[in-house]
Amino acid sequence: MSHAFSVQNLSYRYPKAKRDTLREITFSVEEGEIFGFLGPSGVGKSTTQKVLIKLLEGYSGEIRYFGRNLQSMGKSYYEEVGVGFEMPIHFSRMTALENLKYFSGFYKNRINFQELMERVGLWEHKDVQVGNYSKGMKARLNFVRAMLNNPRVLFLDEPTAGIDPRNARTLKDIISEYRAQGGTVFLTTHLMSDVDELCDRVVFVVDGNLTDISTPRDLRIAYGKREVKVEYREDDALASAVFPLAGIGDNEEFHTLLRSKDIETIHSGETSMEDIFIKVTGAQLP
Amino acid sequence: MTNMLRLIGGELKRLASYKLLARSLATGIVWVLVFLLISKEDARDVAPMLMFVDASIVLMLLVGASFYLEQQEHTIKSMMVLPVSVGQILLSKIISSLVLTLVTVAITCASVYFIHEISFKYVLLLLFLILAAVTHAALGFTLALFGKSFGSMLIMVIVYVVIFTMPSVLLAVNVIDAQYEWMAMISPSHAARSLFTSVVSGEYEWEKILFSCMYLSFLAMALMKFVVYPRFKSRAAKG
């Protein structure tokens with residue numbers, strides 16, 4: 001497996017800014033993985049994405065895209081990457097179909113977007129002006145727009161924000177299928193349920209620096225308590241007991257409780273991605 | 001080349017969707033009415049002024065309006081991640097604005113020809129029109145990129161008109177003495193107007209024409225390279 005992106009000591013300072021927004025960050029994104037780039041607003045997530053999609057220049061450090069220096073890549077780069085912005089990015093007085101036909105025409109490699117529009121529930125609204133779309137419909141259209149060139153790497157910024165749970169499920173399924181077919185995803189989001197379901201590896205951005213890269217599972221274990229909590233009924237009241245996870249198989253008290261009581265729930269002490277987000281970044285989720 | 005044509009087609013479609021094309025046509029119709037009401041002699045004086053207004057002030061406003069409407073829709077960002085260069089995007093915007101100007105100037109030419117039987121060297125006119133329009137499109141972009149909103153850009157256009165266009169108009173109506181005309185040539189407005197005046201009147205002062213052409217070309221290239229291109233990229237990144 002090769003690196004889709006290899007980023008070494010990336011720093012970036014906006015013109016007129018007094019300090020760097022990104023401070024010598026180093027990470028790599030493997031081909032065929034969904035890489036979660038997480039953090040609160042204003043810490044450099046969008047800046048990193050803008051550097052990677054070549055909207056921002058003048059950075060220091062080195063970025064390699066499948067081994068090639070990103071700076072040396074011309075407009076052909078956009079034949080290979082798809083970008084799903086968080087905000088609506090379509091011509092509001094044109095219909096969805098007109099928008100997609102227009103953008104699709106620029107690519108050498110094009111998908112049959114009708115199929116994708118049908119899956120995300122937009123085909124029946126294809127002749128509606130985008131300005132009349134709801135927030136969720138615009139977000140789904142953004143996703144289709146990002147997939148138009150069947151990209152090798154897909155950048156997604158809050159792809160399910162504002163989308164109802166059923167359509168969000170569909171979108172996440174499509175993203176997983178894309179990954180299964182070898183596609184690489186660079187995902188920035190606040191929605192930790194998306195991270196939990198989709199990401200192979202994640203990193204948190206904290207004040208322009210990165211934490212260690214890890215998997216959501218490893219993070220849950222590392223930040224969780226190694227214990228098991230059992231809730232049970234006793235004398236018509238709810239009671240609970242906590243046992244250490246280490247040696248649980250030989251814990252006689254635990255096994256006695258399981259045999260003798262009316263058990264309602266058993267939970268290991270894993271913490272949620274939301275709690276990890278707050279612990280690591282020190283920020284509250286919006 | 002195909003992508004360039006696609007960009008221009010998209011821009012024209014977008015301008016039409018904002019009804020900017022319809023407004024250009026409506027302006028042309030107003031000019032027809034003006035020519036119906038004035039004499040042949042007056043038409044020779046008014047025609048270059050109207051062409052100049054279309055290729056300068058109106059074009060600057062058109063570029064600004066189009067830019068801010070696009071910024072509202074965030075489509076600039078979307079265009080920047082297409083396999084086209086920033087130069088191609090800017091060129092397509094300038095060409096499509098030029099097309100709208102051509103429409104009104106063509107109406108003006110047709111009006112003075114059919115109403116007053118006045119004709120001129122159309123190839124030369126087209127050349128001068130392109131030069132004046134491209135320079136003023138670059139000026140329009142510059143003001144739009146320095147402005148924070150269409151309102152603030154509008155104020156800058158008014159300031160531009162007072163400083164650069166009014167002296168040219170005052171020269172045309174002899175309020176400012178003709179001996180100061182060379183000083184006025186520093187104004188892109190006057191350089192452009194002198195080109196239109198020469199082609200409509202048929203009186204060619206080649207020194208003045210050469211200076212105007214070189215000055216407008218230099219100004220357009222300098223603005224595009226050092227102001228519009230970098231600021232457009234930076235603005236696009238901000239979304």
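Me: Are the residues of strand β3 (residues 34–38) of chain A buried or exposed?

Reply: A residue is buried if 20 or more other C-beta atoms, placed from the backbone, lie within 10 Å of its own, exposed if 12 or fewer, and partly exposed in between; strands are DSSP runs of E of at least two residues, numbered from the N terminus. In this predicted model, local features need pLDDT of at least 70 and side-chain atom pairs count only at pLDDT 80 or more, whereas totals for chains, interfaces and linings use all residues. Residues are numbered from 1 along each chain as its sequence is written, and chains are lettered from A in the order in which they are written. Strand β3 of chain A is mostly covered, with five of its five residues buried.

Me: Which residues lie on each side of β3(A)?

Reply: In a regular strand the side chains alternate between the two faces of the sheet. Here A:Ile34, A:Gly36 and A:Leu38 are on one side, with A:Phe35 and A:Phe37 on the other, and all are buried.

Me: In what sense does β3(A) pair with strand β8 (residues 184–188) of chain A, and over how many bridges?

Reply: Two strands pair if DSSP finds at least two bridges between them. The pairing of β3(A) with β8(A) is parallel and runs over four bridges, and A:Phe35 stands opposite A:Phe186. Strand β9 (residues 201–206) of chain A also pairs with β3(A) in the parallel sense over four bridges, where A:Leu38 has A:Phe204 as its bridge partner.
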